[in-house]
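Please look over the sequence and the model shown here.

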Amino acid sequence: MASLGGFVEFFQKGKTFRPKKKFEPGTLKYSLHKQAQASLNSGINLRNVVQLPPGEDLNDWIAVHVVDFFNRINLIYGTVCEYCTETSCPTMSGGQKYEYLWADGVKYKKPTCLPATQYISLLMDWVEAQINDEHVFPVTVDVPFPKTFIPLCKKILTRLFRVFVHVYIHHFDRIVAIGAEAHVNTCYKHFYYFIMEFDLVPQKELEPLKDMTAKVCYDTPDVPTSTSSDQKK
């Protein structure tokens, strides 16, 4: 298994998809971020790494990981985005069975079919706006988390998972070609254990990568089969 410590260094050898969100030194989020990174770099079991440290606030722990996953998934998509075009990927799909529709309640009030590259660009812009809003993602302890914080994080992580789905199913040949397979698999495993630990992504959303998950996260129980609609917003 590749270490997550070398993940960013590997992917930053090339271009990045967009600027990284960083935590300011001296803040609680920065301390938790460094604590999480130290645990990852030490090579401990990823299933244990995602567990809430004793005495820490759950919202802070989730906030730090949402930002880290946003940064990492940006880097992963950045390696394949030139191959993800309106011609190659006219819809945001995960194989023939799953199609994702975009809605943001502003410009796209109704679920809309978009090319994958446009869907992911809008998705990343939307996530970035959420995590940069200090009323939603507070950076200091004197600003409380909103009551909608956990539901919002569930929506963010669900949408970020769809990027994994698209990359694994439609662009994994590119990941393998640049030698990034182990790095991406490790990032996915970390993401998967985290969302399972805190029940942050609906089981039906995990269905497109069920077989792959069983191989990468081999000590994980089977993901239940979905019977819901394959079009999601």
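## Serine 93

Serine 93 touches Tyr98, Glu99, His166 and His170, leaving out residues up to four places away in sequence. Contact here means heavy atoms within 4.5 Å. The side chain of serine 93 also makes a polar contact of 3.2 Å with the side chain of histidine 170. A polar contact is a pair of N or O atoms within 3.5 Å; within protein, one must be able to donate a hydrogen and the other to accept it, and residues adjacent in sequence count only if both atoms are side-chain atoms.

Serine 93 sits in strand β1 (residues 93-94). Helices (H or I, at least four residues) and strands (E, at least two) are DSSP runs, numbered from the N terminus. With a relative accessibility of 9%, serine 93 counts as buried. Buried means under 20% relative accessible area, exposed over 50%, and partly exposed in between (1.4 Å probe, protein chains only).

## Basis of the model

This is a predicted model: local features need pLDDT of at least 70, side-chain atom pairs count only at pLDDT 80 or more, and totals for chains, interfaces and linings use all residues. Residues are numbered from 1 along each chain as its sequence is written, and side-chain values use heavy atoms, with hydrogens and water left out.

Histidine 171 is placed in the loop between α6 and α7 (172-177). Its relative accessibility is 5%, so histidine 171 counts as buried. Its side chain makes a polar contact with the side chain of histidine 166, at 3.2 Å. Setting aside residues up to four places away in sequence, histidine 171 touches Val80, Tyr83, Cys84, Cys89 and His166.

Isoleucine 169 lies in helix α6. It is partly exposed, with a relative accessible area of 35%. Beyond its neighbours within four places in sequence, isoleucine 169 contacts Gly94, Gly95, Pro208 and Leu209. Isoleucine 169 and leucine 209 are 40 residues apart in sequence, yet 8.3 Å apart in space, C-alpha to C-alpha.

## Helices α4 and α6

Helix α4 (residues 58-78) and helix α6 (residues 149-170) have axes that come within 11 Å and cross at roughly 25 degrees. Axes are lines fitted to C-alpha atoms, for helices over the stretch in contact, and angles run from 0 to 180 degrees between N-to-C directions. The two helices are therefore roughly parallel to each other. Angles under 35 degrees count as roughly parallel, over 145 as roughly antiparallel, 65 to 115 as roughly perpendicular and the rest as oblique.

The crossing of α4 and α6 is left-handed. That term applies if the near helix is turned anticlockwise from the far one by less than a right angle; clockwise is right-handed. The contact includes Asn59, Ile62 and Phe69 of α4, and Phe149, Cys153 and Leu160 of α6. By class, it has 17 nonpolar, 1 polar and no charged residues. Ala, Val, Leu, Ile, Met, Phe, Trp, Tyr, Cys and Pro count as nonpolar, Asp, Glu, Lys and Arg as charged, and the others, Gly among them, as polar.

## Helix α5 and its partners

The axes of α4 and helix α5 (residues 116-131) come within 11 Å and cross at roughly 155 degrees. That makes α4 roughly antiparallel to α5. Their crossing is left-handed. Among the residues in contact are Val66, Phe70 and Asn74 of α4, and Thr117, Met124 and Glu128 of α5. The contact divides into 9 nonpolar, 2 polar and 1 charged.

α5 packs on α6 at about 150 degrees, with the axes 11 Å apart. That makes α5 roughly antiparallel to α6. The crossing of α5 and α6 is left-handed. Contact residues include Tyr119, Leu123 and Trp126 of α5, and Lys155, Arg159 and His166 of α6. By class, the contact of α5 with α6 has 11 nonpolar, 2 polar and 3 charged residues.

## The loop between α5 and α6

Threonine 140 lies in the loop between α5 and α6. At 34% relative accessibility, threonine 140 is partly exposed. Its side chain joins that of aspartate 142 in a polar contact of 2.4 Å.

## The whole chain

The protein chain has 10 helices and 3 strands. Of its 233 residues, 51% count as buried. Among contacts between residues at least 6 apart in sequence, 75% join residues at least 24 apart.
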